[in-house]
There are 2 protein chains.
Amino acid sequence: MTKSRVTVVDIAHAAGVSKSTVSLVLQASPLVNEQTRAKVNAAIRELGYVYNRGAANLRQTASSKIVGIVVNDLTNSFFAELAVGMDMVMQSAGFVQFLANTGESIDRQREVIASMREHGISGLIISPARGTEAADFKPLTASGVPVVVVVRNVAGAKVSSLLSDNRAGARAATEHLISLGHRRIAFLGGFADTAVSGERMQGYREALSAAGLDADASLVVNSAPSRAGGVAAIERAMLISERPTAALCFNDAVAFGVCDGLRARGLEPGRDFGVVGFDDVIEAQTAVPALTTVSVDPQGMGRRAAQMLLKQINSGRVEAEATIASVRLVVRQSCGAKTKTWDGGKTWDGGTSHDTAPGDTGSDTVGTDRRQHDRA
Amino acid sequence: MTKSRVTVVDIAHAAGVSKSTVSLVLQASPLVNEQTRAKVNAAIRELGYVYNRGAANLRQTASSKIVGIVVNDLTNSFFAELAVGMDMVMQSAGFVQFLANTGESIDRQREVIASMREHGISGLIISPARGTEAADFKPLTASGVPVVVVVRNVAGAKVSSLLSDNRAGARAATEHLISLGHRRIAFLGGFADTAVSGERMQGYREALSAAGLDADASLVVNSAPSRAGGVAAIERAMLISERPTAALCFNDAVAFGVCDGLRARGLEPGRDFGVVGFDDVIEAQTAVPALTTVSVDPQGMGRRAAQMLLKQINSGRVEAEATIASVRLVVRQSCGAKTKTWDGGKTWDGGTSHDTAPGDTGSDTVGTDRRQHDRA
DNA sequence: CTGTTAGCGCATTCAG
DNA sequence: CTGAATGCGCTAACAG
């Protein structure tokens, strides 16, 4: 049953024309007679012809319409949302994407990048595994393949990057807790050795010192950026001699875990203990008034990254521009006191507009979109 | 800077041999002199040569080492886990995967399948969008491309499928709630028109009638299979004249929403109201004793589906075998009474072993793995 | 063991 | 408007 592939010559033969005529029909060229076109199309349908992009891409002028997407942890909803955002714009641009999950393994990452290269991707978006170095992208960029790095910065890499304003977000969130009267605010979850964690911690410390509070090191509790990690972190935090009354969580997974842990002790998050989570994917998943969050809008970020990449692919020019996306502080009623007002609905350039639920949710965009151009 | 691609002839020239010798080296053929091999490899490294799979696949005997993966909602953690499982085995088998998210859009699905076909995928795994018909796979299977359908069955399609035992799982879960003394048990979430929902509902009804309880239609509350949907569902369920005391939730997202809704009314899930969720991804994400769940182990299912596909690709024979994967009922302490014991750690064939947290969690495998062979 | 030759399916001149 | 010729990078026969 394995039919041998039907090719242009087959349908050319069936339609009684030559292969190049068929080729012209395939590209919707106006240079071909209407009748002929109809005959050719009929033959195509009849024989079940499928265009072979592999062959087409072989021609030197062709660009592959394939991009690579590499993600460090698809299990984390944040990155899944990110991938969905990318998928959206890639699909509408007629691209298809290789997606690979590295699970933080730098070896896997190297393998998949190599593999994608062999398959002729014309661009790459990557949320790099921990420990990724600038050299890892060198082969790509050297052969003119644009690369966009998202979420985590890679020092010294001459590639475009799209990061979120972690420092400003953490600072705003911490200030929010302070404004509610909290004085002992913990920072829970994440590992100290990552850049993202470092930036968020910095914003947290800035807010504390600006308010004249001293940053007690014991208030910082590292843990895995997962729900289980959040449980562990809040449990350790509750053992601190002078207990915190609120926490900034590295992650929304951590925030969920913290809520679990609080409830296990009979405390209601938001009412008895202030909780703010980062990396908001909750917003999209639930209408429940829950935690206050610092939303980086992963899906929007994905769309934006994809657009950055497409721009470079289409222009044929690879850039190395770092852009820092602003984040939004989304305050929900459960955190008690205050409701900030929504700033008017900022949307990503070219993206679809982002709905914000009206009513008891308000948000503030914090940080500014800024770009810094590096040149070789 | 856009260097023109370096090809086999270039390195053949540099190494002072012919292209076919280079080709032999690339395939690690033993037919080539050790010295020559070294020279060739040196030239490869030197000139930064990258293998061009597009060209290689052009040869008629070649198989592309590319598979397609189509998912209906990557935003749902269940499907993200599923994709991760597939990714694992595909990567280790040296395949790269096109991943596309359809978001339940059947048009998008058609587009991406067509696109993948043009790119020469040698197999497809798909969790079909609602409304997918057997005819949608016809072009693939007709050209000898194996297809594995997961999660949702597509009636009449001559493809392999891997489904979970929804009926048995729902029945076991319901029986569990009954054994805890519940008499009014609601079925919350999901849409009545989907096959998956229908199967789960059937199991639910079976358990009720086996226990001599009548299946009050008002106890079934449909809603979106999301967290927000769960909130809505429990709110409607609480308006029923004779209130339920427990619920079987279509989804774990729904289950989470139900918990949100219960807490909003001051009820603690598990203690004041029995909650069982389906589609367990929670297990992997948290160590918190939470709901009782019916776990279909999405990641393991993904691995298994990938193995099924690879088998067909490698054997060159496309099959149409339906296999129903058994599910596990995971009972956690918070559901109150009873703790069942773990059956010994069933693992998927060839998969890595699945850790089960010891301690306060027990589980039972329900349903049996069964296969039914369809032949054309 | 190594070199020669001939396509794979398609797009692109260049002539009719 | 259409047909014949050429090459993309690689592999598979077949000779040396």
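A residue is called buried when its relative accessible area is under 20%, exposed when over 50%, and partly exposed in between (1.4 Å probe, protein chains only). The model is predicted, so that local features need pLDDT of at least 70 and side-chain atom pairs count only at pLDDT 80 or more, whereas totals for chains, interfaces and linings use all residues. Residues are numbered from 1 along each chain as its sequence is written, chains are lettered from A and ligands numbered from 1 in the order in which they are written, and side-chain values use heavy atoms, with hydrogens and water left out.

**Figure 1. Overall composition of chain A.** Chain A contains 13 helices and 14 strands; helices (H or I, at least four residues) and strands (E, at least two) are DSSP runs, numbered from the N terminus. Of its 376 residues, 52% count as buried. Among contacts (heavy atoms within 4.5 Å) in chain A between residues at least 6 apart in sequence, 71% join residues at least 24 apart.

**Figure 2. The interface of chain B and chain A.** Contacts link 47 residues of chain B to 49 residues of chain A. The area buried between the two chains is about 4100 Å², with carbon and sulfur atoms giving 55% of this value. Gln91(B), Glu118(B) and His119(B) lose the most area on the chain B side, together 14% of what that side buries. Buried area here is the accessible area (1.4 Å probe) that two parts lose on being put together, summed over both.

**Figure 3. Polar and charged pairs across the interface of chain B and chain A.** Two kinds of pair are considered. A salt bridge is a side-chain nitrogen of Lys or Arg within 4 Å of a carboxyl oxygen of Asp or Glu. A polar contact is a pair of N or O atoms within 3.5 Å; within protein, one must be able to donate a hydrogen and the other to accept it, and residues adjacent in sequence count only if both atoms are side-chain atoms. The interface holds 2 salt bridges, and one salt bridge joins Glu118(A) to Arg53(B), with the closest N and O atoms 2.8 Å apart. There are also 10 residue pairs in polar contact across the interface (both at pLDDT 80 or more). On the side of chain B that touches chain A, two or more residues come from each of α4 (53-58), α5 (77-92), β2 (96-101), α6 (106-118), α10 (227-237) and α11 (252-264). The largest share of that side, 9 residues, belongs to α5(B).

**Figure 4. Surroundings of Asp279(A).** Asp279(A) is placed in the loop between β9 (274-278) and α12 (282-285) of chain A. Its relative accessibility is 8%, and Asp279(A) therefore counts as buried. The side chains of Asp279(A) and Arg200(A) make a polar contact of 3.0 Å. Not counting residues up to four places away in sequence, Asp279(A) touches Phe78(A), Arg200(A), Asn251(A), Asp252(A), Val294(A) and Val296(A).

**Figure 5. Surroundings of Ser127(A).** The loop between β3 (124-126) and α7 (138-142) of chain A holds Ser127(A), a buried residue with a relative accessible area of 1%. A polar contact of 2.7 Å connects its side chain with that of Asn72(A). Residues in contact with Ser127(A), leaving aside neighbours within four places in sequence, include Val70(A), Val71(A), Phe79(A) and Val150(A).

**Figure 6. Salt bridge of Arg37(A) and Glu34(A) within helix α3 of chain A.** The closest N and O atoms of this pair are 3.6 Å apart. Both residues lie in α3 (residues 34-47), 3 residues apart, about one turn of the helix. Arg37(A) is buried at a relative accessible area of 15%, whereas Glu34(A) is exposed at 54%.

**Figure 7. Salt bridge of Asp272(B) and Arg271(B).** The closest N and O atoms of the two residues are 2.8 Å apart. Asp272(B) is partly exposed, with 34% relative accessibility, and Arg271(B) is exposed, with 63%.

**Figure 8. Positive phi values at Lys65(A) and Asp297(B).** Most residues other than glycine have a negative phi. Phi of Lys65(A) is positive, near 60°; this residue lies in the loop between α4 (53-58) and β1 (66-71) of chain A and is partly exposed, at 32% relative accessibility. Asp297(B) has a positive phi of about 50°. Asp297(B) is found in the loop between β10 (292-295) and α13 (298-315) of chain B and is buried, with a relative accessible area of 12%.
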